[in-house]
Amino acid sequence: MEKQFICIICPRSCPITVDTETMVIKGNKCMRGRQYVNSELTEPRRTLTSTIRIESEKVMLLPVKTDRPIKKEDLFAAMKKISKISVKAPIKIGEIIVSDFIEDGTNLISTKTILK
Ligand code: SF4
């Protein structure tokens with residue numbers, strides 16, 4: 001059986017085809033595409049981006065993301081957790097909001113500085 005993928009690693013967006021019986025991979029223009037497809041077939045991961053509530057004079061939401069990709073199957077649980085988090089300003093860009101978020105060693109970090 002053949003499976004089709006669009007590589008999301010770089011802007012070239014190579015269409016990649018995998019024969020799941022022989023594991024022959026075609027269409028990738030570099031090794032990163034091969035690694036991406038292998039990861040998609042075994043344990044797909046995504047970087048989660050979202051917003052959390054913030055107590056601030058100027059804004060109500062703080063953009064956040066995980067500092068590395070988490071398992072795709074954990075995204076729903078992660079969003080549920082995020083909906084219960086709130087912080088107080090000031091917060092700096094890159095500041096850890098929750099350490100060991102969903103997985104050990106993965107942090108939820110701020111992607112914006114909110115001074116007050
Ligand atoms: S296969 Fe390589 S060149 Fe093609 S989109 Fe993926 S990373 Fe980019």
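Predicted model: local features only at pLDDT ≥ 70, side-chain atom pairs only at ≥ 80, totals over all residues.
**Ground rules.** I number residues from 1 along each chain as its sequence is written, and side-chain values use heavy atoms, with hydrogens and water left out. Local features need pLDDT of at least 70 and side-chain atom pairs count only at pLDDT 80 or more, while totals for chains, interfaces and linings use all residues.

**Domains.** I looked up the domain assignment and found domain 1 (2-42) and domain 2 (49-110). Such bounds come from an automatic or database domain assignment. Taken over C-alpha atoms, the centres of domain 1 and domain 2 are 30 Å apart.

**Ligand.** Next I asked which residues surround the ligand. My list reads Cys-7, Ile-9, Cys-10, Arg-12, Ser-13, Cys-14, Asn-28, Lys-29, Cys-30, Arg-32 and Gly-33. To be listed, a residue needs one of its heavy atoms within 4 Å of the molecule. I sorted this shell into five nonpolar, three polar and three charged residues. Here Ala, Val, Leu, Ile, Met, Phe, Trp, Tyr, Cys and Pro count as nonpolar, Asp, Glu, Lys and Arg as charged, and the others, Gly among them, as polar.

**Ser-13.** I came back to Ser-13 from that shell and placed it in the loop between β1 (2-6) and β2 (15-19). Strands (E, at least two residues) and helices (H or I, at least four) are DSSP runs, numbered from the N terminus. Ser-13 is not a glycine, yet it has a positive phi of about 50 degrees. I noted Ser-13 as partly exposed because its relative accessible area is 37%; buried means under 20%, exposed over 50%, and partly exposed in between (1.4 Å probe, protein chains only).

**Cores.** I then looked for nonpolar cores, meaning sets of buried Ala, Val, Leu, Ile, Met, Phe, Trp, Tyr and Cys residues joined through side-chain atoms within 4.5 Å. The largest has 15 residues, and Ile-52, Leu-62, Val-87, Ile-97 and Phe-101 have the most contacts inside it. At least two residues of this core come from each of β5 (49-55), β6 and α2 (75-82). A second, separate core has eight residues, including Phe-5, Val-18, Ile-25 and Tyr-36.

**Strand β5.** Which residues make up the covered face of β5? I found Ser-50, Ile-52 and Ile-54 there, with Thr-49, Thr-51, Arg-53 and Glu-55 on the uncovered face. β5 runs antiparallel to β6, joined by five bridges; strands pair if DSSP finds at least two bridges between them. The two form a hairpin with five residues between them, and Ile-52 stands opposite Leu-62 in β6. β5 also runs parallel to β8 (residues 86-88), with three bridges, and there Arg-53 has Ser-86 as its bridge partner.

**Pro-63.** This proline sits in β6 (residues 61-66). Pro-63 is partly exposed, since its relative accessible area is 24%. Thr-51 is twelve residues away in sequence, but its C-alpha is 4.3 Å from that of Pro-63. Beyond neighbours within four places in sequence, Pro-63 has contacts (heavy atoms within 4.5 Å) that include Ser-50, Ile-109 and Lys-112.

**Two loops.** Pro-90 lies in the loop between β8 and β9 (96-98), and the peptide bond from Ala-89 to Pro-90 is cis, with omega near 5 degrees. I found Asp-100 in the loop between β9 and β10 (108-110). Phi of Asp-100 is positive, near 50 degrees, in a residue other than glycine. Asp-100 counts as partly exposed because its relative accessibility is 43%.
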